[in-house]
Amino acid sequence: MEHIRYNKVRNIDTVVFGKYEIATWYYSPFPDEYKDIKKIYVCQHCMKYMKVKETYGRHISICEWKYPPGEKIYEVGRNKIYEVDGKLHKLYCQNFCLLAKFFLDNKMIYYDVESFLFYILTEVDDRNEEHVIGYFSKEKISYDNYNLACILVFPPYQRRGYGLLLIDFSYELSKREHKIGSPERPISDLGIRGYHSYWKRTILKILQNYTTNLYSIQEGTSTINGDGMPHNDNGRFMITINEISLMTSIRREDIIFTLQEMGFLKYRKPNANSVNYTALTYDVNNHVVNGNEQHEDHQQPHNNSPQQTQYQSHRDEEFAQQKHQQHIICITRRMVDDYIRSHGVRLDNRTVDICGLKWTKTSIPSKN
Ligand SMILES: [Zn+2]
């Protein structure tokens, strides 16, 4: 993979792209002949870039492209997503990367695009014209199960929830591949903020709506309440990190990080305490692996206090010790609701409407 240093001085000041003239944020390695150019023009349909306004004007009047190449695999309302193969549409993807680099601070590929797929998000305006508003790339074959390499929403379209939509889309693809995924590191500052937000909202939604008949909880006091949620007198319920991972395709480590951030995990000193759950725990295939068993209380949360940092060393140590065992989160509905309310978390963010997703694993082109 060809990486180029990404901390060079910003060269081109502005880029004309579609109906916007956008101030650039970072250096992008356009060819040498562009090194003294302050403004660049990029056709939002075919991604051809130009340095002269008149050339650009002529181009957009004759350009026959109306939308990205590749296969349209998602369409809901005004939004569409195209899957573009870097091998089949090499120049388009190279030019796209050069443009995206203006707004990405992490190192990324520009020319070696053939082993990547690009998912291009567009929005249709009132005149039925389609505008490119963001993308993410993904390695065709990732031995580390990365499901996203780079992600960007162009500045005029930021803060409208499209970043979360793209992240959600990357996980929907992982679900269809029956894989657990994670973004490739390092990821841009904007990207990682988007991920933290996405993981938190996704996990809170799971916890808020979690219903199951698999567990009966603690000391025979469990009852089923009106919404089918098994609970005891404290409204406590249990769910494993594996279950959350299987439901969301989010990697275990990312789930654990998010639960820690929210104060939903507490680690006690090894062997300092244990609790007797009359619960069943399940492995990833939902086979009962034990029941009526002593579970060390290494992950029982206590409240939603944010003061978790003092537990960091214990967490790391104990997580290393426990990583091959079941990890049970035992919390109450009230803790979840209180967290959502006190942190003003909005759960009605843009998400992928899977009815609009037309994608099967067989549509992934091979690497060669
Ligand atoms: Zn064009």
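Trainee: Is Glu-184 buried, exposed or partly exposed, and why?
Mentor: Keep in mind that this is a predicted model. Glu-184 comes out as partly exposed because 19 other C-beta atoms lie within 10 Å, and a residue needs 20 or more to count as buried.

Trainee: What does the UniProt annotation say about Glu-184?
Mentor: The unreviewed UniProt entry marks Glu-184 as "active site".

Trainee: Where does Glu-184 lie, and which residues does Glu-184 touch?
Mentor: You'll find Glu-184 in the loop that runs between strand 11 (182-183) and helix 4 (189-209). Leaving out residues up to four places away in sequence, Glu-184 touches Tyr-146, Leu-148 and Ala-149.

Trainee: OK, zooming out. How many helices and strands does the protein chain have?
Mentor: Eight helices and 19 strands. The chain has 368 residues, and 35% of them count as buried.

Trainee: Switching to strand 1, which residues are on the covered face and which on the uncovered one?
Mentor: Val-15 and Phe-17 are on the covered face of strand 1 (residues 14-17), while Thr-14 and Val-16 are on the uncovered one. In a regular strand, side chains alternate between the two faces of the sheet.

Trainee: And which strands does strand 1 pair with?
Mentor: Strand 1 pairs with strand 3 (residues 39-42) in the parallel sense, over four bridges. Strand 1 also runs antiparallel to strand 2 (residues 20-23), again with four bridges.

Trainee: What stands opposite Phe-17 in strand 2 and in strand 3?
Mentor: Tyr-20 in strand 2, and Val-42 is the bridge partner in strand 3.

Trainee: What's in the turn between strand 1 and strand 2?
Mentor: That hairpin has two residues between its strands, and Gly-18 in the turn has a positive phi of about 60°.

Methods. Residues are numbered from 1 along each chain as its sequence is written. This is a predicted model: local features need pLDDT of at least 70, side-chain atom pairs count only at pLDDT 80 or more; totals for chains, interfaces and linings use all residues. UniProt positions are given in the numbering used here, feature names are shortened, and annotations may be inferred rather than shown by experiment. A residue is buried if 20 or more other C-beta atoms lie within 10 Å of its own, exposed if 12 or fewer, and partly exposed in between; C-beta atoms are placed from the backbone. Two residues are in contact if their C-beta atoms, placed from the backbone, lie within 7 Å. Two strands pair if DSSP finds at least two bridges between them.
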